[in-house]
Amino acid sequence: MRIGLLGTGPWAQMAHAPALSGHEELDFAGVWGRRPEAAKELAERHGVRAYDDADELFAEVDAIAVALPPDVQAGLAARAARAGCHLLLDKPLAPTAEQGRAVVEAVEEAGVASVVFFTARFQPEPAAWIAEQAAVPGWFTAHAQWLGAVFTSESPFATPWRREKGALWDVGPHALSVLLPVLGDVRHVTAAAYGPGDTAHVVLDHAGGASSTLTLSLTAPPEATGAALELRGEAGVTSLPDSPEGAVPALMRAADALLTAARTGRPHACDAAFGLRVTEILTAAQDLLNGDAV
């Protein structure tokens with residue numbers, strides 16, 4: 001499968017380009033970016049072509065990987081799908097439910113495959129744990145903490161979209177990607193409030209009967225960072241395991257999932273429709289946060 005990359009920022013450099021170029025079943029064909037010089041530099045580093053026109057890249061590949069801010073990703077992903085390209089997308093799918101639905105509609109109309117890269121879903125230890133807990137009945141409650149220091153340390157990820165949207169939209173998708181397959185869909189976002197900095201506290205009511213709480217931040221002290229998720233229920237207490245892997249192997253597994261979906265025509269669990277559902281839940285939480293801020 002020939003695949004192109006949209007994006008030239010830190011995430012494209014650190015994760016996407018190495019994963020695409022190192023994957024045995026992918027032919028990494030080219031890069032497009034909003035900054036042509038950056039696209040040229042990244043393309044040269046991996047021995048591929050830099051494209052000045054995204055639509056030209058779409059016409060010459062079978063699939064597109066996207067490493068761009070969500071508002072930019074949404075529009076280009078829909079265009080790529082309409083051009084017949086399978087999609088390897090990043091989270092969040094889009095900054096609004098309306099834009100997310102436009103991506104899903106384009107994917108469905110074109111009949112292309114899609115996978116949204118939620119890291120934990122493509123790491124062996126977390127993925128196995130999620131599948132195991134999803135089969136266990138009687139969960140009562142869950143608590144998830146995703147705490148980063150993007151805005152309290154020297155980080156290349158302190159990008160404009162993260163400053164605008166905050167932790168809810170950056171790390172919230174990671175928490176939801178674990179909670180939803182275990183506890184079921186969210187029936188209602190029951191509460192949301194801001195804490196220090198961009199910290200967001202969110203309470204969710206799940207279809208399975210359990211409730212969950214999320215604490216999300218990109219402004220935590222560096223010494224306090226980390227991700228943890230604990231489930232409590234009739235089976236006792238269990239916690240999401242860590243993974244020793246970085247992003248590149250996980251992203252290569254996401255590419256495997258896209259290849260399988262494209263070959264079989266069977267949607268992956270983390271397809272654009274799932275990404276849209278995550279966006280809808282984030283939107284509901286953001287609406288409550290906006291109300292609290294008034």
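**Figure 1. Alanine 144 faces leucine 229 across a strand pair.** In this predicted model, alanine 144 stands opposite leucine 229 of strand E11. Strand E7 spans residues 139-147, and strand E11 spans residues 226-233. The two strands run antiparallel and share eight bridges.

**Figure 2. Six strands form an open sheet.** The strand order is E8-E9-E10-E7-E11-E12. Pairing within this sheet is mixed. Strand E8 (186-194) and strand E12 (236-239) stand at the edges. Each has a single partner strand, so one side of each lacks a neighbour in the sheet. From one strand to the next, the twist averages 15 degrees.

**Figure 3. Helix H9 lies across the sheet strands E7 to E11.** The helix covers residues 172-183. Helix H9 lies across E7, E8, E9 (200-206), E10 (211-217) and E11. Relative to E7, helix H9 runs at about 165 degrees.

**Figure 4. Arginine 49 forms salt bridges with glutamate 56 and glutamate 60**. The closest N and O atoms of arginine 49 and glutamate 56 are 2.7 Å apart. For glutamate 60 and arginine 49, the N to O distance is 3.5 Å. Glutamate 60 belongs to helix H3 (residues 54-60), and arginine 49 to strand E3 (residues 49-51), so this pair ties together parts eleven residues apart in sequence. Arginine 49 is partly exposed, at 37% relative accessibility. Glutamate 56 is also partly exposed, at 30%. Glutamate 60 is partly exposed too, with a relative accessible area of 34%.

**Figure 5. Arginine 187 and aspartate 205 form a salt bridge**. Their closest N and O atoms lie 3.0 Å apart. Arginine 187 sits in strand E8 and aspartate 205 in strand E9. The pair links distant parts of the chain, 18 residues apart. Arginine 187 is exposed, with a relative accessible area of 53%. Aspartate 205 is partly exposed, at 22% relative accessibility.

**Figure 6. Four charged residues join in a salt-bridge network**. The members are Arg101, Asp185, Arg277 and Glu280. The structure holds 14 salt bridges. Side chains of opposite charge can pair when their charged atoms come close.

**Figure 7. Cysteine 85 and cysteine 270 are buried**. Cysteine 85 has a relative accessible area of 0%. Cysteine 270 likewise has a relative accessible area of 0%. The structure holds zero disulfides.

Notes
Residues numbered from 1 in each chain as written. Predicted model: local features only at pLDDT ≥ 70, side-chain atom pairs only at ≥ 80, totals over all residues. Heavy atoms only, no water. Disulfide = S-S within 2.5 Å. Buried < 20%, exposed > 50% of the residue type's maximum accessible area, 1.4 Å probe, protein only. Pairing = 2+ DSSP bridges. Helix = DSSP H or I, 4+ residues; strand = E, 2+ residues; numbered from the N terminus. Axes fitted to C-alpha atoms, helices over the stretch in contact; angles between N-to-C directions. Contact = heavy atoms within 4.5 Å. Salt bridge = Lys/Arg side-chain N within 4 Å of Asp/Glu carboxyl O.
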